[in-house]
Amino acid sequence: MPVLTRSEAQTRAQLIDVERYTVALDLTVGDDTFDSRTVIRFTAHTAGDTFVEVKPADLRSATLDGQPLDPATLADNRLPLTGLTEGTHELRIDASMRYSHTGEGMHRFTDPTDGETYTYTQLFMEDVQRVFAAFDQPDLKARFDLTVTAPEGWTVLANGVTEHLGEGTWRAATTPLLSTYLVAVAAGPWHSIRTEHRGLPFGLHCRRSLAPYLDADADEILDATRACFDRYHEKFEEPYPFDSYDQAFVPEFNAGAMENPGLVTFRDEFVYRSAVTDTERQTRAMVIAHEMAHMWFGDLVTLKWWDDIWLNESFAEYMGYQTLTEATRYTDTWIDFGVARKTWGYDADQRPSTHPVAPESVPDTASALLNFDGISYAKGASALRQLVTWLGEKDFLAGINTHFKRHRFGNATLADFIESLASGTERDVHAWADTWLRTTGVDTLTTTVTEHADTWTLTVDRQGNRPHRIAIGLYDHAPADTHGLVLRERLETEVPLTEPELTFHGRRPALIVPNDQDLTYAKIRLDAASEEAALHGLAGIPDALTRTIVWNTLRDMVRDGALAPATYLEAVAAHLPEESDLALVQGVLAFAHTQVADRYTHPADRPEALDLITALCEDFIRRTEDGSHPGLRLTAVRHLIDAARHADVIRDWYDSGAVPGGPELDPELRWRILGRLSVLGTVDEAVIEAELAHDPSATGQEGAARCRASLPDPQTKAEAWAAMFTTNPDDDLSNYLFTATAQGFWQPEQAGLLRGYVPRYFTDATELAARRGPAIAEAAGRHAFPVYAIDTDTLHTGDQHVAAAPPALRRKLTDQLDDLRRALRVRGA
């Protein structure tokens, strides 16, 4: 299927303006297809030819200004519109469209718990053509009038307030000017909670089987929603630009959420049916804040073309974390950003697939889709945090509000935004944008200390070319009768330094931390004495955000081969028991297990690494028996399950239904234990089926698929492989069941059993990606890659096949193979 190129979009935007879409969807015609009738009113500036995108099961008819068009001219999802004359035109399209089971277009899901069916749209990038005909590019904004015919008993949600007209027909209020990718519909027998805030209707919606869990958390979700809404109105002069604010938690959603104006869709794992930590609740609140920021950054003012996706995602990411910190009880969100998000950006920025935050040119939509990554989100947000540090928040917000005023309900570019910023400051923001947004890679800041008789000097060397405004933290050992380190001084400075070195009187500090408070985006290398102090005294650093910087420094050193994996694990064992911030505990444990133990440690040493993690978790569990730290206890229980090399303890938990001293096993923990027991080969399919009978929900179905694929049995492995790659298309797994099966399939304990599947992966995944499209291609590259086959044969085979893969899979393979090279280097070091 051809993709829309930038030049095609520019040509079409010069030819036409779109005024209005009138869309009628009928969801009552069957289980496989729905009817879509579209009327598009547009104006041609001159005579010329163009095309409209539509991807039907059957194009029944098309007329332009009352004259029939030949459906047979539809090719590659483009219907030619030839011989346009200057003036207004009306295009009518009547088509049958296919439901999706991959989270693209109009996704249809039947809940195995109660048999109820739900549909929702995800039209991002170029999937609107799966639902209705459209001139599908972000700078052809239009108003939308939408009606939906749905089964009786269903509720229809849309971008605006919806009205039931009777006989299953719903009408949505006319939208303001929107880009096509932001149109949204969600239809089904939703469980809804409705309220008002500042005169606007607010709503929460989920499938009925999740109703008790949404009810339990509704106040928490709405409190965060209202707090962020109010804080954005304090920051932004432009008021919320739409007529309502609905948040729908929908099944089998590919992303975390989607910022459809007035109808934000979230993956419904955010409706927690099992116990979660407070950090996970914070993550949900951050996603709420992120998506609400998009109402201004992306929806009110939209990128003109996809090279400026950072104007959407980087801003929403930065604003989400900053606003959550300012407006809610989650006052330490930048710690979680540092340990869970920023590292995503660092990793992405060191791969061959790296790209600038704001690329000079993105040639087509397929290329643009690949840039929704840790660079556009985490690196871009980090750059904005540095911009605020350098520019000052007052001038930053002034520039933002100028930008909204100039481009409301329109489209804008990087140049437009920089002009808005420049209008309110004397700083050279154009130069800042060139060095921060147009370049790739991670700068590295390295401290060097020289001691003299009565003074010491500090230099901060920069590997890279960006200017940085940073804080440097100077820490001394605490008095002998106390524990830890104490802050002597925190000074702000520019890098490169204005002088060759900084001179201080007295003795040097025990620990010197550049980028204290995490104000910039750069890897850190400590001087030798500070590195030693960090390895021995990390737990005693008084500020959690500073500890985040140091943990990330050790993490980067492992990844770069500068710190032995075993030394990192020794630091984990020494310091994590004293850690008070749960986000740090979770992030460090996750890296220690999934990367250090499973990938960077030689297979012969992996059992010892897992035993260290297990012992650490056992210690956490012992120390939390009084119930004082439920989040830490739950985290320790989860990681002990995942790291268990022997089945006896976790099998006892599973059989008894509880961890001694708590918690009782909820569905998430039961499936987690059963997954690990499956890997260890101590249960069979009968046990999995019995658990599925106990929990037949959608997540139960996924848990069962994951467990079956984990069994160390040749027959079940062959069946799992067939389900993922070679099944008849009529029986293709949904996006979530595919992912669950892939997650279970590859296990480091089963390397011998799986060896023959490694070369098959590269050919089968390529064929699958070509057949099923970008969403499944991305899942195949992310979750089905043989991540534990860390050897040169896998690398060689992958390198031979990567060029033939479709774009979405090719990007994932490029990244996975680079990670494999890194793992081999670390093991070699």
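What share of the contacts between residues at least 6 apart in sequence join residues at least 24 apart in this protein chain? It is 72%, with a contact meaning heavy atoms within 4.5 Å. This is a predicted model, so local features need pLDDT of at least 70 and side-chain atom pairs count only at pLDDT 80 or more, while totals for chains, interfaces and linings use all residues. Residues are numbered from 1 along each chain as its sequence is written, and side-chain values use heavy atoms, with hydrogens and water left out.

**Overall build**

- The protein chain has 27 helices and 28 strands, taken as DSSP runs numbered from the N terminus (helices are H or I with at least four residues, strands are E with at least two).
- Its radius of gyration is 27 Å against the 28 Å that the globule rule gives for 829 residues, so the chain is as compact as a globular protein of that length. That radius is taken over C-alpha atoms, and the rule is 2.2 Å times the number of residues to the power 0.38.
- Along the principal axes, the C-alpha atoms fill a box of roughly 90 × 70 × 55 Å.
- Buried residues account for 60% of the 829; buried means under 20% relative accessible area, exposed over 50%, and partly exposed in between (1.4 Å probe, protein chains only).
- The accessible surface comes to about 30300 Å², and 49% of it belongs to carbon and sulfur atoms. Areas come from the Shrake-Rupley method with a 1.4 Å probe, and for residues only the protein chains shown count as cover.

- In soluble globular proteins, nonpolar side chains tend to be buried together.
- Here the largest nonpolar core has 247 residues, and F396, Y568 and Y761 have the most contacts inside it. Helix α14 (residues 582–600) gives this core its largest share, 10 residues.
- A nonpolar core is a set of buried Ala, Val, Leu, Ile, Met, Phe, Trp, Tyr and Cys residues joined through side-chain atoms within 4.5 Å.
- Leaving out residues up to four places away in sequence, F396 touches F315, Y318, M319, L384, L387, V388, L391 and L421.
- Helix α7 (residues 375–391) has 16 of its 17 residues buried, so it is largely enclosed by the rest of the structure. Just after α7 comes G392, with a positive phi of about 95°.

**Rings and charges**

- There are 53 aromatic pairs. Rings of Phe, Tyr and Trp (its six-membered ring) pair if their centres lie within 6.5 Å; planes under 30 degrees apart count as stacked, over 60 as edge-to-face and the rest as tilted.
- W721 and W746 have ring centres 6.2 Å apart and planes at 90°, so they form an edge-to-face pair. This pair links distant parts of the chain, with W721 in helix α21 (residues 714–726) and W746 in the loop between α22 (735–745) and α23 (751–754), 25 residues apart.
- Both W721 and W746 are buried.
- R78 puts its charged end over the ring of F51, 4.3 Å from the centre, and R670 lies over the face of Y654 at 4.5 Å from the ring centre. The rule asks for NZ of Lys or CZ of Arg within 6 Å of the ring centre and within 35 degrees of the ring normal.

- Most residues other than glycine have a negative phi, and most peptide bonds are trans.
- The bond from V495 to P496 is cis, with omega near 5°, and P496 is in the loop between β25 (485–495) and β26 (502–505).
- Another cis bond runs from G662 to P663, with omega near 5°; P663 is in the loop between α17 (648–656) and α18 (667–680).
- D65 is not a glycine but has a positive phi of about 55°. It lies in the loop between β4 (58–64) and β5 (67–68) and is partly exposed at 41% relative accessible area.
- N77 is not a glycine either, with a positive phi of about 65°; this residue is buried at 14% relative accessible area.

- H107, in strand β8 (residues 105–110), counts as buried at 0% relative accessibility. H107 and P251 are 144 residues apart in sequence, yet 9.0 Å apart in space, C-alpha to C-alpha.
- S7 sits in helix α1 (residues 6–15), and S7 and P363 are 356 residues apart in sequence and 7.7 Å apart in space, C-alpha to C-alpha.
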